[in-house]
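Subject: Structure for you to look at

Dear colleague,

Here is the structure I said I would pass on. My notes on it follow below.

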Amino acid sequence: MLARQDGDWALFPEPLPPGLEVEILPPDIDLRTPSRTLAMARGTLRSVARARGAVASLYRDCRADPLTADEPARNLLRHLPFCARRRADVIHFEFLGTGAMYPLVKKLTGVPTVVSCRGSDIHLFELRGDQLQASMLRCLRDAAAVHCVSREIADNVERLIGPRPGIWINRPAVDVAAIEPRSWDAPSKGPLKIVSVGRLSWHKAFDYFLAALSRVARQGVEFEATILGDGELLAPLRFSVADLGLEGKVHLPGAVKPDSVLDRLRDADVFVLPSHNEGVSNAALEAMACALPVISTCVGGMPEALREGVEGLLVPPRDIEGLATAICQLAMDRPRCAAMGLAARRRVEAEFSLERQVATFEDMYQSVARSAP
Amino acid sequence: MTKPLRIGLFVIAFPRASETFIVTKVLKLLDQGFDVQIFALSAQADWESFAVLEGRQDIRDRVHVAPARSLRGALQFAGTAARSPTALARLATHRWRHRRDNPSGVVAPLYEQVMFAGCELDILHIEFDYQGINVADLKDYLSCRLLLSSRGVFQRSSTYSAKARDYLFRYVDGYHFISQALDDNAHRLGLPADVPCWRVEPATDLSLFEPEPRALRSGPVRIVSIGRLVWSKGYEFAVDAAAQLRARGIAFTYEIYGEGPYEQAIRFGIREHHLEGVVRIVRPRPRHEIPAILASADIMLHAAIDEGFSNAVIEAQAMELPVVTTDAGGLPENVEDGVTGYVVPRRDPVALAERLAVLAGDPALRQRFGTAGRARALARFDLERQAEAFVELYRDLASRPRRSAR
């Protein structure tokens with residue numbers, strides 16, 4: 001049996017190997033969502049009723065452990081769901097940040113853990129506070145297996161905790177079969193249709209993208225760009241669009257329904273990912289499945305998803321001029337867009353299929369369960 | 001002798017440490033015989049920050065605070081109702097007639113605006129135009145002229161709808177802008193041409209920013225930025241410019257004084273460029289320490305994407321610091337390009353770095369720009385002069401006919 005703990009399950013609907021019994025543990029207490037808090041409270045009462053002794057010793061541990069001692073009561077509440085639960089064979093923390101919130105789980109349950117490292121959790125490690133860093137390091141060291149979404153993340157994990165067995169590189173996947181690619185039969189004409197998808201936060205560097213687009217416009221290259229997504233920078237980015245005189249050329253519709261994203265991708269000629277920081281972008285993989293060429297910054301695991309000049313173009317991060325040049329190149333060379341788009345689709349079919357991802361997860365879980373004492 | 005002009009100032013709170021200019025103006029207006037009343041939304045005032053207001057009960061008596069949503073506030077409201085029932089009834093009628101103007105309906109605005117009951121004014125001056133979106137129609141109740149001050153936020157924020165803007169533009173009798181850029185943009189946004197407009201630039205108390213002769217010193221050039229760590233200040237581009245500067249082999253340090261929601265993005269940039277130790281984020285310092293910070297720096301960098309005018313840049317010039325800044329908002333009016341600093345296109349780290357490099361390599365040029373900056377501050381950004389400009393503005397506006405709201 002597999003227990004998975006994650007804050008926002010809906011964000012990462014990763015498919016699971018068949019034949020596993022999965023229990024999704026309630027997330028942390030969050031007073032802003034009463035239903036979650038209520039579920040948590042119910043679980044807590046039951047735990048206390050069933051395992052009073054375990055709860056008492058857990059509280060002692062919370063007070064003694066340096067990673068939980070500053071807030072023993074809160075940490076006790078957090079760990080309670082693991083106390084009186086049916087025994088799982090594996091506990092999977094879907095994010096390193098989540099795993100770091102449960103530093104006592106290994107001692108409490110004895111169940112082997114798996115933790116996923118997906119991007120920001122590793123790339124921003126040095127920017128975290130001392131306590132969180134220490135909790136993350138313990139989570140990585142305690143884990144029976146560490147799931148990394150790219151070779152680059154795996155290298156960083158080894159940099160943090162040294163080489164260790166049980167590091168699994170399992171890159172994200174897309175349901176290629178379910179995604180109809182765009183057609184390149186008719187040559188694309190007119191303004192280059194550019195699309196980008198992502199949360200409107202600083203990580204995605206859409207400021208740099210807009211600055212690059214304004215240079216593309218100044219070169220006289222015709223384009224129409226759409227940035228799909230919502231976030232705290234929606235208003236500032238809309239300001240920038242107007243400030244750069246890009247109204248009518250750049251659209252920021254805000255949040256869109258997930259199923260309309262695919263339609264918008266198929267309607268485009270090129271996908272741009274200007275990020276400062278990425279694991280392996282699922283949005284870029286979806287675009288590749290739609291047979292779009294991708295212009296991406298060469299950050300994180302992105303060079304593992306596409307090769308320069310084959311499935312798209314790689315540019316240095318934070319390089320406005322470089323990004324503008326890459327966009328102009330593809331705008332001038334539509335046959336190359338088509339060739340790269342088709343190559344992108346083939347690459348995703350060959351290397352980023354769900355089957356491969358699910359099989360690797362299965363191997364990882366089995367190997368962890370087998371090696372458990 | 002003519003009756004003194006009655007000016008109502010609508011502010012968030014009075015006095016506030018961050019709004020010294022309003023205190024200076026109030027003192028000047030009283031000095032010149034104006035009748036000034038201050039209407040504040042909140043009682044969160046900083047009286048102790050102003051030595052000049054010590055013992056001025058006469059000024060305290062001129063401050064009217066909107067009732068809080070508490071028992072005390074309710075008692076305050078009831079007191080007004082008991083003292084001047086007719087004035088309140090008239091205000092209530094006004095609110096009912098203008099119920100469509102105010103998204104909060106009738107009761108909540110009536111409660112908040114009870115401080116205006118029975119007041120008589122010649123000019124109601126809303127010091128931050130966006131604060132007027134619930135209040136502008138009161139000019140009809142008060143039979144006065146409505147003056148709005150545009151300091152940037154309202155025009156650039158998408159929080160405020162076109163409807164709110166049209167409402168203000170319908171009632172306004174005069175518009176004060178802190179920069180020509182905001183004036184131009186307001187007209188682009190539909191401010192009617194018949195609304196008289198004035199430009200009065202921000203100012204600072206220059207007596208607090210007295211430069212001392214800069215000692216010649218060796219070592220890395222010291223670059224400084226002061227301002228909240230928010231998106232609009234463009235710090236990511238400033239950090240990119242620092243990386244370019246280092247690539248040119250220039251020895252420098254860059255200190256950013258501030259805190260705010262964009263800190264993580266800035267720290268990430270510093271780390272990605274391996275600039276730790278060269279670029280530092282420092283907790284913001286109290287105001288009285290700012291002159292010393294500016295005095296020990298060589299160049300101010302202000303990489304804003306969006307800016308009203310920037311007092312930090314005024315203060316840098318007052319302290320004889322050359323400035324490298326962008327052309328966002330009122331900054332090109334604040335800094336004279338090639339005279340007190342350099343103005344480059346916004347969102348362009350390469351251009352920032354080029355200008356920084358020029359100044360870093362030329363101490364004599366820095367000194368020349370610094371001297372010119374001080375002269376510019378004295379000539380244009382002096383607090384007393386600003387207060388005088390407002391006195392002129394009020395007299396001018398009062399002599400003009402009221403616009404009738406359409």
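How many cavities of 30 Å³ or more does the structure hold? It holds five, a cavity being a set of points on a 1 Å grid over the protein atoms alone where a 1.4 Å probe fits but cannot get out. This is a predicted model, in which local features need pLDDT of at least 70, side-chain atom pairs count only at pLDDT 80 or more, and totals for chains, interfaces and linings use all residues. Residues are numbered from 1 along each chain as its sequence is written, chains are lettered from A and ligands numbered from 1 in the order written, and side-chain values use heavy atoms, without hydrogens and water.

The largest cavity has a volume of about 90 Å³, taken as the space filled by probe spheres set on the points, which are joined across faces, edges and corners. Its lining residues (an atom within 4 Å of a point) include A:F93, A:Y102, A:R138 and A:D142. α7(A) gives the most to this lining, with four residues.

As for the interface, the contact (heavy atoms within 4.5 Å) takes 20 residues from chain B and 23 residues from chain A. B:W231, B:F268 and B:R347 supply 34% of the area that chain B buries against chain A, where buried area is the accessible area (1.4 Å probe) lost on putting two parts together, summed over both. Between them the chains bury about 2000 Å². There are six salt bridges between chain B and chain A, each a side-chain nitrogen of Lys or Arg within 4 Å of a carboxyl oxygen of Asp or Glu. B:R347 forms one with A:D243, with the closest N and O atoms 3.1 Å apart.

Regards

Methods
On a 1 Å grid over the protein atoms alone, a cavity is a set of points where a 1.4 Å probe fits but cannot get out, and a pocket is an open set with protein on both sides within 12 Å along at least five of seven lines; lining residues have an atom within 4 Å of a point. Helices (H or I, at least four residues) and strands (E, at least two) are DSSP runs, numbered from the N terminus.
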